[in-house]
Amino acid sequence: MGDLTTKEKANKKKYLWEFWPPMIVYMVWVFIVPEILKVAGDGWWTVPLTLSQIIPLIFVARAMIRFIDRCDELMKFVYMKSAVVSLVVIIFVCMGYGFLEFRGYPTVPLFIIGTLVIPVYFVCAFVIRKKLDGK
Amino acid sequence: MENKLRELRKNKDWSQAELAEVLGVSRQTINTIENGKYDPSLPFAFKISKLFDQKIEDIFIPDEE
């Protein structure tokens with residue numbers, strides 16, 4: 001990481017500025033919304049309020065996409081390949097566990113799958129980069 | 001695909017990081033191209049050939065079928 005070029009440093013700095021504000025909003029909002037819902041009752045507005053937790057994540061995703069757009073072609077290749085590999089891994093894991101659920105294993109909430117994608121993606125990106133680096 | 005990027009870079013006495021800086025890419029991109037692990041896109045190959053003032057086919061040698 002110490003030998004980043006000027007362009008990479010600028011890209012990373014811009015990414016952090018675009019990534020952290022919505023992420024902080026999300027981390028705060030995700031704790032506030034359940035507290036409001038506890039006292040809110042069953043009003044129609046609780047549905048959009050619940051879904052509002054996704055809004056800051058849209059901006060987080062936007063920051064990530066814009067970061068990849070600014071990367072050079074090798075990094076774009078690495079991130080795209082990581083996305084495809086992690087998608088395939090998640091499909092197999094979900095299908096495998098789905099079959100186990102038919103056999104009586106406890107049902108896992110969909111929320112877990114979304115959360116699982118992130119570490120799997122980063123592991124894939126790390127492995128692909130290491131493979132490219134090795135002679 | 002083989003290439004002469006490492007040779008051309010060393011002729012200029014540049015490090016991978018310096019060449020990466022000039023071309024506006026990461027050092028890893030230069031490293032993977034030099035090691036033949038990644039073939040650059042046509043626009044990037046043109047950029048490299050322009051920098052070293054050589055024809056693309058003099059820098060990148062396609063594998064024999």
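Student: In chain B, in which element is confidence highest?
Tutor: This is a predicted model, in which local features need pLDDT of at least 70, side-chain atom pairs count only at pLDDT 80 or more, and totals for chains, interfaces and linings use all residues. pLDDT is the predictor's confidence in each residue, from 0 to 100; helices (H or I, at least four residues) and strands (E, at least two) are DSSP runs numbered from the N terminus. Confidence in chain B is lowest in strand 1 (residues 2–3), at a mean of 91; it is highest, at 96, in helix 1 (residues 5–11) of chain B.

Student: In chain A, in which element is confidence lowest?
Tutor: Residues are numbered from 1 along each chain as its sequence is written, while chains are lettered from A and ligands numbered from 1 in the order in which they are written. The mean pLDDT of chain A is 91, with 98% of its residues at 70 or more. Helix 3 (residues 54–70) of chain A is highest, at 95; the lowest mean, 89, belongs to helix 5 of chain A.

Student: What ipTM does the model score?
Tutor: Chain B has a mean pLDDT of 93, and 98% of its residues reach 70 or more. For the model, the pTM is 0.83 and the ipTM is 0.84.

Student: What share of the residues of chain B count as buried?
Tutor: A residue is buried if 20 or more other C-beta atoms, placed from the backbone, lie within 10 Å of its own, exposed if 12 or fewer, and partly exposed in between. For chain A, 9% of the 135 residues count as buried. For the 65 residues of chain B, the share is 23%.

Student: How many charged residues are on the side of chain A that touches chain B?
Tutor: Residues in contact have C-beta atoms, placed from the backbone, within 7 Å; the contact takes 12 residues from chain A and 17 from chain B. Helix 1 (6–40), helix 4 (73–102) and helix 5 (110–133) of chain A each supply at least two residues of that side of chain A. Ala, Val, Leu, Ile, Met, Phe, Trp, Tyr, Cys and Pro count as nonpolar, Asp, Glu, Lys and Arg as charged, and the others, Gly among them, as polar. By class, that side has 3 nonpolar and 2 polar residues, and its charged residues number 7.

Student: Is Arg62(A) buried, exposed or partly exposed?
Tutor: Arg62(A) is found in helix 3 of chain A. Because 13 C-beta neighbours lie inside 10 Å, Arg62(A) counts as partly exposed.

Technical notes
Contact = placed C-beta atoms within 7 Å.
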